[in-house]
Amino acid sequence: MMDTRFSSALQIIITVAVNERNNIRSTSDSLAAKLDAKSSLVRKLAAPLMKENILVSSEGYQGGYRLGRPASAIHLSEIYLAVMQD
């Protein structure tokens, strides 16, 4: 079975960045819809990304995911290492 953690995490990061630029909230449900996956997968992938300050989240009615720092300061290798740790 092919491991899709990196490609899914990359799609999450890109979607969050585009949504931020367009003032659109990025929830686990909305991101899961883009991935054609369950929101639990998004939350599972988001956890290590938040640990590395690639993503940040906020709870509540206006909550969701945002980039933890400017997109230009996020490297592919960081995303890969964050989600591929076993």
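This is a predicted model: local features need pLDDT of at least 70, side-chain atom pairs count only at pLDDT 80 or more; totals for chains, interfaces and linings use all residues.
Local features need pLDDT of at least 70, side-chain atom pairs count only at pLDDT 80 or more, and totals for chains, interfaces and linings use all residues. Residues are numbered from 1 along each chain as its sequence is written, and side-chain values use heavy atoms, with hydrogens and water left out.

Helices and strands are DSSP runs numbered from the N terminus (helices: H or I, at least four residues; strands: E, at least two). Two packed helices are described by the angle between their axes and the distance between the axes. Helix α3 spans residues 39-51, and its axis comes within 8 Å of that of α4. The two axes cross at roughly 120 degrees. That angle makes α3 oblique to α4. Axes here are lines fitted to C-alpha atoms, for helices over the stretch in contact, and angles run from 0 to 180 degrees between N-to-C directions. Angles under 35 degrees count as roughly parallel, over 145 as roughly antiparallel, 65 to 115 as roughly perpendicular and the rest as oblique. The crossing of α3 past α4 is right-handed. A crossing is right-handed if the near helix is turned clockwise from the far one by less than a right angle, and left-handed if anticlockwise.

On the α3 side, Leu45, Pro48 and Leu49 meet Ile79, Ala82 and Val83 of α4. Contact means heavy atoms within 4.5 Å. Leu45, in helix α3, is buried at a relative accessible area of 4%. Buried means under 20% relative accessible area, exposed over 50%, and partly exposed in between (1.4 Å probe, protein chains only). Beyond residues up to four places away in sequence, Leu45 touches Arg5, Ser8, Ala9, Ile12 and Val83. Arg5 is 40 residues from Leu45 in sequence, yet their C-alpha atoms are 7.2 Å apart.

Strands β1 (residues 55-58) and β2 (residues 64-67) pair in the antiparallel sense through four bridges. Two strands pair if DSSP finds at least two bridges between them. Leu55 has Leu67 as its bridge partner in β2. Ser58 stands opposite Gly64.

Arg69 lies in the loop between β2 and α4 (76-84). Arg69 counts as buried, at 19% relative accessibility. Its side chain makes a polar contact with the side chain of Glu78 at 2.4 Å. The Arg69 side chain also reaches the backbone oxygen of Asn53 at 3.2 Å. A polar contact is a pair of N or O atoms within 3.5 Å; within protein, one must be able to donate a hydrogen and the other to accept it, and residues adjacent in sequence count only if both atoms are side-chain atoms. Leaving aside neighbours within four places in sequence, Arg69 is in contact with Glu52, Asn53, Ile54, Ile74 and Glu78.

Two loop residues other than glycine also have positive phi values. Asn23 sits in the loop between α1 (5-21) and α2 (28-35). Its phi is near 55 degrees, and Asn23 is exposed at 73% relative accessible area. Asp36 lies in the loop between α2 and α3. Phi of Asp36 is near 55 degrees. Asp36 counts as exposed, at 71% relative accessibility.
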